[in-house]
Amino acid sequence: MARIINLTQHAATSDQVSAGVFEPADKSAVAALLTFDDPPSKEERAARAATLAEMAVAARAEAAMIGGAPFFMSALEAALKERGVRAVHAFSRRESVEERLPDGSVRKTQVFRHAGWVEA
């Protein structure tokens, strides 16, 4: 099983952890690097991507689960690839769950189940 570092702002699900995902040592730093308050320059995107990729290398990750601002993903994918770390996106299936409530009404919710990886 591959060691996959979670380079998203969200905690990995139990299914993802079972599939090899682990959280970075400094999750708050990852979240900060993925958060943009203003439109970033190409240089800023490259610098943030390099920092995240170095975190993956330091953690001995074989792959990185990525997700976030679409304008940043190509820079992050490139930085990871340069360092020999595969970039993957989580693939989830949506399951509808219906629950009958005591008053006779029905609540419908969507449950997302991890179903694999899509390599960038």
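A residue counts as buried under 20% relative accessible area, as exposed over 50%, and as partly exposed in between. The structure discussed here is a predicted model.

**Val111**

Because its relative accessibility is 23%, Val111 counts as partly exposed. Val111 belongs to strand 5. When neighbours within four places in sequence are left aside, its contacts are Arg93, Arg94, Glu95 and Val97. Ala47 stands 64 residues from Val111 along the chain, and the C-alpha atoms of the two are separated by 36 Å.

**The chain as a whole**

The chain has 120 residues, and buried residues make up 32% of them. Its C-alpha atoms fill a box of roughly 55 × 35 × 25 Å along the principal axes. Four helices and five strands are present, and along the sequence they follow the pattern β-α-β-α-α-β-α-β-β. Of the contacts between residues at least 6 apart in sequence, 51% join residues at least 24 apart.

The five strands form an open sheet in the order 2-1-3-4-5, and the pairing is mixed. Strand 2 (21–22) and strand 5 (106–119) each have a single partner strand, so each stands at an edge with one side left without a neighbour in the sheet. Helix 4 (residues 70–82) packs on this sheet and touches strand 1 (4–7), strand 3 and strand 4. The direction of helix 4 makes about 175° with that of strand 3.

Strands of a sheet pair through backbone hydrogen bonds, in either a parallel or an antiparallel sense. For strand 3 (residues 63–66) and strand 4 (residues 86–100), the sense is parallel, and the pairing runs over three bridges. Met65 has Val88 in strand 4 as its bridge partner.

**The largest pocket**

The volume of the largest pocket is about 320 Å³. Its lining consists of 18 residues, and those nearest the pocket centre are Thr13, Gln16, Met65, Ala90 and Ser92. Helix 1 (14–18), strand 3, strand 4 and strand 5 are the elements that each give two or more residues to this lining. The table divides the lining by residue class.

| Class of lining residue | Number in the largest pocket |
|---|---|
| Nonpolar | six residues |
| Polar | 10 residues |

Key:
Residues are numbered from 1 along each chain as its sequence is written. This is a predicted model: local features need pLDDT of at least 70, side-chain atom pairs count only at pLDDT 80 or more; totals for chains, interfaces and linings use all residues. Side-chain values use heavy atoms; hydrogens and water are left out. Two strands pair if DSSP finds at least two bridges between them. Contact means heavy atoms within 4.5 Å. Axes are lines fitted to C-alpha atoms, for helices over the stretch in contact, and angles run from 0 to 180 degrees between N-to-C directions. On a 1 Å grid over the protein atoms alone, a cavity is a set of points where a 1.4 Å probe fits but cannot get out, and a pocket is an open set with protein on both sides within 12 Å along at least five of seven lines; lining residues have an atom within 4 Å of a point. Grid points are joined across faces, edges and corners, and a volume is the space filled by probe spheres set on the points. Ala, Val, Leu, Ile, Met, Phe, Trp, Tyr, Cys and Pro count as nonpolar, Asp, Glu, Lys and Arg as charged, and the others, Gly among them, as polar. Buried means under 20% relative accessible area, exposed over 50%, partly exposed in between (1.4 Å probe, protein chains only).
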